[in-house]
Amino acid sequence: MTAIIRRLAKALMIAGLSGGPAAALDLALPSGARLMRETLTDAGSYAVPLGPWTETGIPTRMVEGRISRRSWRIESSDLTTLQILAPVRDGLIAQGYEILFECRTRSCGGFDFRFGTDVIAAPEMYVDLTAFRFLSARGPGGDVVSLLASRSGAAGYLQAIQAGPVDAVLAAPPAPGALSGVVMQIETAGHVVLPDLDFDSGAAELGGAVASLDALAGWLTGDAARRILLVGHTDAVGSLAANTALSKRRAGAAVTYLRDKGVAAAQLSAEGAGYLAPRASNLTPEGREQNRRVEAVLLP
């Protein structure tokens, strides 16, 4: 399984995701993964998602140019959506791509997000409405790539859409937080799950750059009157007392990250809810993974 993940990440890293008109993604596919569908449109358009679904729909920007759409089935019964997507995301970042938006399942908007964005039809691409991850990213040459990862009971699925060049609005450097779905959601809904804070069971370390916290840092430093509460959560493994302490350490790690980015201490606070507010069932590994999280709550 580990070899599959590494080879998939390497394949996408060398797939020609560079500047200029979007080239078809020529992937050296990993063992156990097979191409399910491939389409290439020389003069097309793609509405790239830049935030989660809300009652007004999904915020998008239209990209025009060559559009490449591909999907793969990865033969593995135990790969999680994070294991599918994270190495590919890291590969994009290493090549200079800027993450525009990233989410998972409910923080994306669940059913409404899935059916409000461009997805290759089944059986070439399968999306479990209770377990999927999405991200969109802009390349240094102006192209845009979106990734959608999900799984069935027997296999993982990955979709990649590459489009470019990008229109002038999207290609221009955005104002801090302007394109961030995290900022958009906390302003409209009053709270947001930080989708790229992923914790191993029992752990509270962040481990590297966190795009959602970077977006919040820019938003908070832009107005000293803004205040948020970071709330940590855990799965239900272990006692309530131990999990409450662990959840507060997770929230504290997010606060420390934001302080290091220049956010004033008066704008931040941290609490832990332990396992008292699950987002999913604690009876499955996927559910427990969703429950290990940090949420940001907007304060008056």
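How many disulfides does a search of the whole structure find? The search finds one (a disulfide being a pair of cysteine sulfur atoms within 2.5 Å). This is a predicted model, in which local features need pLDDT of at least 70 and side-chain atom pairs count only at pLDDT 80 or more, while totals for chains, interfaces and linings use all residues. Residues are numbered from 1 along each chain as its sequence is written, and side-chain values use heavy atoms, leaving out hydrogens and water.

**The disulfide**
- Cysteine 103 and cysteine 108 are joined, with an S to S distance of 1.9 Å.
- The torsion about their S-S bond is about 100°, so the disulfide is right-handed.
- Both cysteine 103 and cysteine 108 are buried (under 20% relative accessible area, 1.4 Å probe, protein chains only).

**Confidence**
- The chain has an average pLDDT (the predictor's confidence in each residue, from 0 to 100) of 81, and 84% of the residues score at least 70.
- For residues 1–29 the pLDDT is below 50, and this stretch has 73 contacts (heavy atoms within 4.5 Å) beyond near neighbours in sequence.

**The sheet**
- E8 (residues 227–233) and E10 (residues 293–299) pair (DSSP finding at least two bridges) in the antiparallel sense over seven bridges.
- Leucine 230 stands opposite alanine 296 in E10.

Definitions and conventions: Buried < 20%, exposed > 50% of the residue type's maximum accessible area, 1.4 Å probe, protein only. Helix = DSSP H or I, 4+ residues; strand = E, 2+ residues; numbered from the N terminus.
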